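Subject: Structure for your review

Dear colleague,

Please find below the structure that I am handing over to you. My findings follow directly after it, and I would be grateful if you could read them alongside the coordinates.

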Amino acid sequence: MIRSFVRRNGRITPGQERALELLWPRYGVKSDGVLDLNTLFGRKAEKHLEIGFGMGDTLVTMAKSHPEHDYLGIDVYRPGTGHLLLQIESAQLTNVRVISGDVVDFLQDNLSTHCLDAVYLFFPDPWSKKRHHKRRLVQADFIKLLAQRMKSGAYFHLATDWENYAEQMLHVLETAPDFSKCVAPKRPLTKFEQRGLRLGHGVWDFFYQRSQIL
Ligand SMILES: C[S@@+](CC[C@H](N)C(=O)[O-])C[C@H]1O[C@@H](n2cnc3c(N)ncnc32)[C@H](O)[C@@H]1O
C-alpha cells in the first residue's frame, strides 16, 4: 500500500519522549477495534477529527476555543505527538484524544460509519514531485472512505499552500458525490502555514459539507 508519509526520525526532546511514555495512557487512543466515541470521551458531544496535526498547536487552539466539542487528532510524527501531549496536559484539556498512526487505517478499522461532525486537513504533505503525487492523501478513494465516516451535514475543512495540490483538492472534491462546497470560515494559522508564508507561498482553503445520507 502506498502511504502518504515516510516515517521521519526527527529530533525528539527528552520532554516529548517522557510525555509519550507518561501522558500517552491518559490521552492516547489504543487502536484495536471500532471505537465508541462517546464512551471514549465520557460524554455526548460533537466529534471533530484533525488529520496530520503536526506539532498539535492548531488542535489545542481549537479545543480551547470550543470546550463543547470533542477533538481527535491523528499523526504519525512522534516528536509532534509528544509536543501535543505536553500541551494537552498543561492546558488541562479534557476534550482531546490522540491517535498515533496512519489515518487511512484509523478510518477503516477504528471508526464506525457516520460518526464525525467535522474533519480538518490542514497542509497535508504536498508531495510536490509528479512521480510522488500518488502519495497525496486527497484522492477519490480516500475521500470516499472519509465520507462514510462523516455524519450528514458534517464539515470538511482543507487547506494547502501548494497550488497544484489545491487544484487536485478542488477536482477530487468537486467530483465527489457526497460533498458540496461552502464558504470557508476563519481558522487558526498553522505552524506549517507560517513557514510557507515566510517563503511567500499562497494559501488555498476549501470548505465542504457532507450531503444528506439517504
Ligand atoms: C506538512 S505537515 C502539516 C502539519 C500541520 N497540519 C500544520 O499545518 O502545521 C503534514 C502532517 O501530516 C502527517 N501525516 C501525513 N500522512 C499522514 C497519515 N496518513 N496519517 C496521519 N498523519 C499523516 C505528517 O506526519 C505531518 O505531521
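In this predicted model, a nitrogen atom of the ligand lies 2.8 Å from a backbone N or O atom of Phe122. Gly52 places a polar backbone atom 2.8 Å from a nitrogen atom of the ligand, and Phe192 has a polar backbone atom 2.9 Å from an oxygen atom of the ligand. On its own the ligand has 600 Å² of accessible area, of which the protein covers 94%.

How many aromatic pairs does a search of the whole structure find? The search returns four. One of these pairs joins Phe122 to Tyr120, with 5.6 Å from centre to centre and 40° between the planes, a tilted arrangement. Tyr120 and Phe122 are both buried. Another pair is formed by Phe156 and Phe179: their ring centres are 6.0 Å apart and their planes meet at 45°, so this pair is likewise tilted, since planes under 30 degrees apart would count as stacked and those over 60 as edge-to-face.

Yours sincerely

Terms used. Residues are numbered from 1 along each chain as its sequence is written. This is a predicted model: local features need pLDDT of at least 70, side-chain atom pairs count only at pLDDT 80 or more; totals for chains, interfaces and linings use all residues. Side-chain values use heavy atoms; hydrogens and water are left out. A polar contact is a pair of N or O atoms within 3.5 Å; within protein, one must be able to donate a hydrogen and the other to accept it, and residues adjacent in sequence count only if both atoms are side-chain atoms. Accessible areas come from the Shrake-Rupley method with a 1.4 Å probe; for residues, only the protein chains shown count as cover. Rings of Phe, Tyr and Trp (its six-membered ring) pair if their centres lie within 6.5 Å; planes under 30 degrees apart count as stacked, over 60 as edge-to-face and the rest as tilted. Buried means under 20% relative accessible area, exposed over 50%, partly exposed in between (1.4 Å probe, protein chains only).
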